[in-house]
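First I want the model in view.

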Amino acid sequence: MSIPEATLSAEREGLCPDCDGYGNIIENGVARPCHCRIERELTERLTVARIPERYRHCSLDNFSTDSHERERDLKAMRWALKEMLGKPGRGIYIHGEHGVGKTHLAVAILRELVKQGKSGVYYNVVDLLDQMRDSMRAESGPGAQQLLGFHMDWEVLLLDDLGVQRASPWVVERLHAIVNARYESNRVLIITSNKTLEAATANLNRAITSRLREMCIVYAMQAQEDYRNRLAEKSAVPEKPRRGRRRNSEDE
Ligand SMILES: [Zn+2]
């Protein structure tokens, strides 16, 4: 069988040879999206998700499990993802010390939800509050009001590093508005913090704590046990050569 001329020219132009760049494949008279279109749309959704460069590669499959604790963390995340996919509005609050991989896992879950067709966005809590403040000051700035309500446009909102923000009345009010609006419209929150939920929200409105508890699976990273051990090992002077403890190259 000779290759159709259209396919040859599609390849020459760098178009997908399966759909000649149309994005659809017709089978038995029914159009279905081509794999190239599915991949392209996923890339686009991940691009608008604003995931910072250093975390863009993070997925559940490349979370390194070099200890039992980390294996447990990964297992728990796979379980949590299933829960989240099954229960609309269900989110997750991941806490653990700096460097244990919270952001990696949070981004990985965001990515999985985006893969399922949901719209999602990443925000560092402090950056988000700064942006809101700036846009309010700008008054006539483009979409100041939209930015205030922007978090509602996304089905999934990842708030990275809750608990480091200063708790001014304005911040408390903003965070309360975000959590409350998402709660009421059953929209997903993914949160990371190096504090427990109670500690991270201690200076905030009490209602924020209880709303978050209701909305989110609260997960304490097991890897922090492992991480503490590693820190202790690092600071201790080894009496004899240690064997076989693989270092984890992964940053938070
Ligand atoms: Zn195609």
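**Ground rules.** This is a predicted model, where local features need pLDDT of at least 70, side-chain atom pairs count only at pLDDT 80 or more, and totals for chains, interfaces and linings use all residues. Residues are numbered from 1 along each chain as its sequence is written, and side-chain values use heavy atoms, with hydrogens and water left out.

**Entry 1: the sheet.** I looked up the strand order. Five strands form an open sheet, β4-β5-β6-β3-β7, with parallel pairing. β4 (120–124) and β7 (216–220) are the edge strands with a single partner each, so one side of each has no neighbour in the sheet. On average, neighbouring strands here are turned by 15° against each other, direction ignored. I noted how elements are named: helices (H or I, at least four residues) and strands (E, at least two) are DSSP runs, numbered from the N terminus. Two strands pair if DSSP finds at least two bridges between them. β4 and β5 (residues 156–160) run parallel and are joined by five bridges. In that pair, Gly120 stands opposite Val156 of β5.

**Entry 2: the hairpin.** I then checked β1 (residues 24–27) and β2 (residues 30–33). They run antiparallel, with four bridges between them. Ile26 stands opposite Ala31 in β2. How many residues lie between β1 and β2 in the hairpin? There are two, and Asn28 in the turn has a positive phi of about 50°.

Entry 3: α3 lies across β3 (91–95), β6 (188–193) and β7, and runs at about 180° to β7. α9 also lies across β3, β6 and β7, but runs at about 90° to β7. Axes are lines fitted to C-alpha atoms, for helices over the stretch in contact, and angles run from 0 to 180 degrees between N-to-C directions.

**Entry 4: α3 against α4.** The axes of α3 (residues 68–86) and α4 (residues 102–115) come within 11 Å and cross at roughly 35°. Contact means heavy atoms within 4.5 Å. From α3, Asp73, Leu74, Met77, Leu81, Met84 and Leu85 meet Leu105, Ile109, Glu112 and Leu113 of α4. By class, this contact has eight nonpolar, no polar and two charged residues. Ala, Val, Leu, Ile, Met, Phe, Trp, Tyr, Cys and Pro count as nonpolar, Asp, Glu, Lys and Arg as charged, and the others, Gly among them, as polar.

Entry 5: On a 1 Å grid over the protein atoms alone, a cavity is a set of points where a 1.4 Å probe fits but cannot get out; a pocket is an open set with protein on both sides within 12 Å along at least five of seven lines; lining residues have an atom within 4 Å of a point. Grid points are joined across faces, edges and corners, and a volume is the space filled by probe spheres set on the points. The count gives one cavity of 30 Å³ or more. The largest cavity holds about 40 Å³. Which residues line the largest cavity? They are Leu159, Leu162, Leu175, Val179, Ile191, Leu204, Ile208 and Leu212. That lining has eight nonpolar, no polar and no charged residues.
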